[in-house]
Amino acid sequence: MKKCKFIVMLIILSFTSIIQAQCLIEGKVVDERNNEIPYVNVRLLHTDSIFIKGTVADSTGRYELCNTPGDYLIAYSCTGYISQCIPLKIPNKERKTVYISLKTNDVSLGEVLIKGESFIRKKDHVLILPNKEQIKHATTGYDLLYNLMIPGINVDRRKGSVKSLGEDVSLYIDGRKVDYREIQSLRPRDIEKIEYFDVPTGKYAGDVTSINYITKQYKTGGYVSLDADQSIGYLKGDYNAVAKLNKGKTDYTLFAGYQMQEYDGVKKTNHEVFNFTDYNIIRDSKTIDGKSANNNQYGQLHLLNKNDKRTLAGKLSLVHTASPDDYQINQMIYSGHYNFEQYSHSEISQRSIMPGMNLYGNFKIKDNQQLEVSLNGVYTHNDYTRNYTENNFSSSTSVKEDFYNMDGNINYNISLKHNNSLSMKLYHLHKIRSSTYQGDYSSWQHLWSGETLLFVEYNQQFSNNLVLRFRPGFSSLQYHLHSNEHISHISPRLQMGINFQPAKRQYIQINLNIGNSYPQINTINKMDQTIDLLQIKRGNPNMDKTNLYLANAIYAIRLGKFNTQLVIMYLYADNMIVNNYYPNGDKLINSFQDGNNYHDFKINLSTTWKMCDNLNAKIDLNYIRQVLSRSISFKNRSFLAELNINYFWKNIAFNVYGKIPYYVMDDWLSLGHAKVYGDYGLSVSWNSRNWRVESGTNSPFTKSNKLKEWLSTDVYSFNTIQNSRTYQQTGYVKIAYTFDFGRTTSREQNNINKSINSCLLYTSPS
């Protein structure tokens, strides 16, 4: 027995001595001007050049390695810089610091054809290096992202949207979060790299998916940029201007823009069935005439100051939006309990003004510690009017709304030994909404809500191939509708996952998230609004939060010229809020109710084929299964296929895309099914120095694209077919020009959120 104890003690002491003999090698990589070089490959070698272990420097050029004492070599390599390999003597102590300066290669990175990997898998993200052709044939950040054809990422260049599995992707520039449309003002030639976080961690934790553009930094000069995008087939235009001045460590940027859209010729047929207690009513309607028009103007002043220790940014913006002329005239035929024909006229007018402010700071506390702080405040005033007539029946609603939206965020990150990290994130979201209704029903609705979230995230790297991510936290949620009970919840939050790389070009992730959402004032209120002769829309002040549970698995593999990603995702929502229909006398009430279960199962297979540097293709296959159960039963199954092809030839780029028709549940709230029309088109663009001209067409051989929507419940059902000019044969022409003065500079992001905040209980023309 004593002999066994002695052996055990000897093993423990030997193991402890081995651990204590390890030395942490830490350092930083800079260039000749002492600027940090991010993502440098660092390799530790025996003196005979046999590889031992390696790592990659972070975005600030910092790196860490751990090994036993002895004589070694340490090698540094990065595209665009001359590689270095120097002797390294690791002492018998706890820590050793090694700083290195790399010289810039004589040939600029932008002019080199990179033969290596353009998609490089890092510990918690994919680093993407755009090639010369992809940059040359792009004008905006959206263009470049589209040209990269990242598996699992769907980019609409003209609408300015980036999605993954149907959810919006969070976009960043140099680590600062920006609005989706704001990437429009980012010049591709000023982008060095792109980070794609398929499962965001650290400062990006909480996003569904994140993309961070890393840009070049300049000290002098400026530019003026103009672009115009005009549709052909119906009236739609998007015009923007940007002026930027770089002076030392401070950037000054001014943005202005105008967008407008106007179209008529909407053709809509609707078959509705109303099941009242003692009788049924059938209504068939057809649009005789209709028009939709809206416009938007915005301006923003942006200041940014940056040095080696901190980054400070401030933005002031103003957005004005108007929809002055939306109307529809319908022919209505009633049968069943009623039997007559008449006409309806609905007209909507809405105007909004939205000033906003944003303050941002990023502070380097120590070489391995960072603190990020942001504060956002937006005020929105909305004026909304709806008038509806149907022969002798008339309805009128007028709403004035004030919406205050404030949020703050504090994010602390520290890099630990052995490539592990710890981060803490505290943020608070506060919303105050006041709506004054007049017309058929007069009421004042006031709702305030606040949610505070605290997360602590720890990333443990067990080896170069295995990383565990654990992010527990909690949410303190409170909301109060005036004259109603104050609601308060404290809920646990959890995000955890495992990243495993079984081989050099294969990658596996498994993730689990637990969260919640809560009702907004457009559903949780005590307001009635008349829709038409038979329907009234009514809020429900007595609804609770929804609990969300999400699990997904990701498998990625690169085989030759193919880059493939498979994603399997399951979402379960407990206590889902959905539409609710019930009869009340001779009216059908369209309200809301909680207490439902929602299941969403998705499979996405996305493959990019890089046939050569000038020809790329991407195909996305999606399977979706949606089920709503408990008080309301609802099911939907759909399949979607999408293809995109890019070909670059000299200064000309060709693009072809196509998407098959597919079925989808409109959204969780409405319950309606929809069959979305198929879409296809092509475009040709020409680039020369500071000019870009692009022309394209959508659905060039189709005249009858139709959107079909339907709903079936025991009380109410409808079947709608809509044909609009906006998704028929259309074309567009886009022209962009940039004038640089002084030294060529990076284009700043247009940080304006032009989506007007509103929680009004309103309906569209019908």
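**Notebook: salt bridges, strands and one buried glutamate**

I looked up Asp 532 and Arg 283 first: Asp 532 is buried, and so is Arg 283. Buried here means under 20% relative accessible area, exposed means over 50%, and partly exposed lies in between (1.4 Å probe, protein chains only).

I am working on a predicted model, where local features need pLDDT of at least 70, side-chain atom pairs count only at pLDDT 80 or more, and totals for chains, interfaces and linings use all residues. Residues are numbered from 1 along each chain as its sequence is written, and side-chain values use heavy atoms, with hydrogens and water left out.

**Entry 1. Salt bridges**

I checked how Asp 532 and Arg 283 meet. They form a salt bridge, with the closest N and O atoms 2.9 Å apart. The pair links distant parts of the chain: Asp 532 sits in the loop between β31 and β32, Arg 283 in strand β21 (residues 280-306), and 249 residues separate them. A salt bridge is a side-chain nitrogen of Lys or Arg within 4 Å of a carboxyl oxygen of Asp or Glu. Strands are DSSP runs of E, at least two residues, numbered from the N terminus.

How many salt bridges does the whole structure hold? My search finds 19.

I then took Asp 229 and Arg 158. Their closest N and O atoms are 2.7 Å apart, a salt bridge. This pair also links distant parts of the chain, 71 residues apart: Asp 229 is in strand β17 (residues 220-232), and Arg 158 is in the loop between β10 (154-156) and β11 (161-164). Asp 229 counts as buried at 10% relative accessibility. Arg 158 is partly exposed, at 32% relative accessible area.

Next came Asp 190 and Arg 187. They form a salt bridge at 2.9 Å between the closest N and O atoms. Both residues are buried.

I also noted a network of salt bridges. It links Asp 143, Arg 157, Arg 692 and Glu 694.

**Entry 2. Strands around Asp 532**

I went back to the loop that holds Asp 532. A hairpin joins β31 to β32 through four residues. Three bridges join β31 (residues 528-530) to β32 (residues 535-538), and the two run antiparallel. Gln 529 has Lys 537 in β32 as its bridge partner. Two strands pair if DSSP finds at least two bridges between them.

β32 also pairs with β35 (residues 587-612). Three bridges join them, and they run parallel. Gln 535 stands opposite Leu 588 in β35.

**Entry 3. A six-stranded sheet**

I traced an open sheet of six strands with mixed pairing. The order is β8-β9-β15-β16-β13-β14. The twist averages 25° from one strand to the next. Axes here are lines fitted to C-alpha atoms, and angles run from 0 to 180 degrees between N-to-C directions.

Arg 121 stands opposite Val 126 in β9.

**Entry 4. Glu 457**

Is Glu 457 buried or exposed? Glu 457 is buried, with a relative accessible area of 1%. It is found in strand β27 (residues 443-463). Leaving aside neighbours within four places in sequence, Glu 457 is in contact (heavy atoms within 4.5 Å) with residues including Thr 201, Ser 421 and Arg 469.
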